[in-house]
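Colleague: I would like to go through the labels on this model one by one. Please give me the value and the cut-off each time.

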Amino acid sequence: MGEFDHSARANMPQSSVLSAHHLYHVVIIGGGIAGLSTAYALQERGRATGRPVACTLIEASQRLGGVIFTEQVDGFVIEAGPDSLLTQKPWGLELCQTLGIGDRLIGTNDRQRKIYLLWDGRLYALPEGLMLIVPTRLAPLLRSPLLSWSGKMRMGLEYFLPPRASHGDESLAEFVRRRLGREALEKIAEPLLAGIYAGSAQEMSLLATFPRLRELEVAHGGLIRGMLAQRRASRHLASAHHQRVNPLFMAPRQGMAEIVQALSARLDGVTVRLGENVQRVVPRAGGATTPQGYAVCLERAAPLHAEAVVFATPAYVTARLVEGFHPALADALRAIPYVSSATVSLGYRRTDVPHPLDGFGVLVGRHERRRIMAATWTSTKFPHRAPPGSVLIRSFVGGAGREALLALDNAALIRLVCEELGEILHITAAPHLARVYRWERANPQYLVGHLGRVDALEHMLAPYPGLFLTGSAYRGVGVPDCVHQGTRTAERILASHL
């Protein structure tokens, strides 16, 4: 899965696809989930409002989906990138329902939702009742051997601390240390952030990564107070409407590529061009200060003329496309840093793994100086993703401060991960399946002040109506975030095309 053939539609003359040259033409550059969501929302909402647009989606590679890629090998369902949808952000689930694959979604195995942390070479279960990084149950926190008594008392003290008066941004490390103390930062927040963003809590923006934490502090006076209130409210709402509370994570049965496949199949009003490289975008001369559309210059084909262009590409790629007419915007886009990472998935016979794998996986703190950031016990989290008698473990390598490891070739990376899992989980047998997926400069880093920089980027685009930025570089890296950004971008395009 993950490979979708659009060759027939891509090779059709543009006029035969658009059918009417006078239609408002939107070119979307980038066929990841943000670009696909933008195209789909433009198509569907344009039809629904009676204002259809012509849309061309251009992707440099030979497949759609970007970091979403699923392989099925010998009964294993292997995710190269994102493995599930966070249900607390509803946009991914809503898209699946709209696409008709809502009944394909399955939840995680929440009977074994435990998460472990590696600390001083030993595995400790994170206390039950943690929501994000906030304790909502006293007894599991008190029983946990992970935290010292002073660390537990410091976390509990959060209930009585007043909120910060200032509303400016701060690093995630500063926030957690201020609200919950140093141990909570080192043993919970830092490993969690590394697993999600491949970044450092000392540099990452609170408001751009976990804005909900600041919202809880402001609205309820503290994190514990806010989490308890929200948990009561959600349970009451579910009970009143006789609703079942969704698991925290859900995914299509045969992997995340089902979403890409379903989206691709529904783009009947969109011209999809795979394997096309965009060289630059050039504003076309218009009035005194406003361009009259844009020329999208391709490497091996005639330029496309569009009234609107959506950049659903990494920020550094977008910088290259706009630097010819807006060098200041290009510089600001390049200021968003990226790091590289890799996932290494290993399949073992169940009898070769002595650990019970009774949880979703293990987070690894930086102080451990290990060569993996985290490992997901995929076949526990989603039991159907390994054949009977086997287990699937996915490890994460690279990230901020650890990118040098990615200079190793695939065989060396597999050996490295086998060694790490051998020391952590006492696995001595060789895996009978191994897959390495490299993500070069695929992880944008939301440093302190990130949202202000994004606002500034959008302000720089104001003199160029019809240009839009969307995707993981800006307002959320998860799949639901990118779906939401793509949908909002389509709404903005249609609102400007009245």
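Colleague: Why are α13 and α14 called roughly antiparallel?

Modeller: This is a predicted model. In it, the axes of α13 (residues 315-322) and α14 (residues 327-334) cross at roughly 165°. Angles over 145 degrees count as roughly antiparallel. The pair is therefore roughly antiparallel.

Colleague: How do the two helices pass, and which residues meet?

Modeller: α13 passes α14 in a left-handed crossing. The axes come within 8 Å. From α13, the residues in contact are A315, T318, A319, R320 and V322. They meet L329, A330, L333 and R334 of α14. By class, the contact has 6 nonpolar, 1 polar and 2 charged residues.

Colleague: Now the salt bridges. What makes R47 and D268 a salt bridge?

Modeller: Their side chains come to 3.3 Å, N to O. The limit is 4 Å between a side-chain nitrogen of Lys or Arg and a carboxyl oxygen of Asp or Glu. The pair therefore qualifies. R47 lies in helix α3 (residues 33-48), and D268 in the loop between α12 and β12. They are 221 residues apart.

Colleague: Is E258 buried or exposed, and how do you know?

Modeller: E258 is at 10% relative accessibility. Buried means under 20%, so E258 counts as buried. E258 sits in helix α12. Its salt-bridge partner is R104, with the closest N and O atoms 3.0 Å apart. R104 lies in the loop between α4 and β6, 154 residues away from E258. At 29%, R104 is partly exposed.

Colleague: What makes R475 and E458 partly exposed?

Modeller: R475 has a relative accessible area of 37%. E458 is at 32%. Both values lie between 20% and 50%, so both residues are partly exposed. Their side chains meet in a salt bridge at 3.3 Å, N to O. R475 is in the loop between β22 and α18, E458 in helix α17, 17 residues apart.

Colleague: What joins E158, R164, E170, R178, R179, R214 and E217 into one network?

Modeller: Salt bridges that share partners.

Colleague: How many salt bridges does the rule give?

Modeller: The count comes to 29.

Note on methods. Residues are numbered from 1 along each chain as its sequence is written. This is a predicted model: local features need pLDDT of at least 70, side-chain atom pairs count only at pLDDT 80 or more; totals for chains, interfaces and linings use all residues. Side-chain values use heavy atoms; hydrogens and water are left out. Axes are lines fitted to C-alpha atoms, for helices over the stretch in contact, and angles run from 0 to 180 degrees between N-to-C directions. Helices (H or I, at least four residues) and strands (E, at least two) are DSSP runs, numbered from the N terminus. Angles under 35 degrees count as roughly parallel, over 145 as roughly antiparallel, 65 to 115 as roughly perpendicular and the rest as oblique. A crossing is left-handed if the near helix is turned anticlockwise from the far one by less than a right angle, and right-handed if clockwise. Contact means heavy atoms within 4.5 Å. Ala, Val, Leu, Ile, Met, Phe, Trp, Tyr, Cys and Pro count as nonpolar, Asp, Glu, Lys and Arg as charged, and the others, Gly among them, as polar. Buried means under 20% relative accessible area, exposed over 50%, partly exposed in between (1.4 Å probe, protein chains only).
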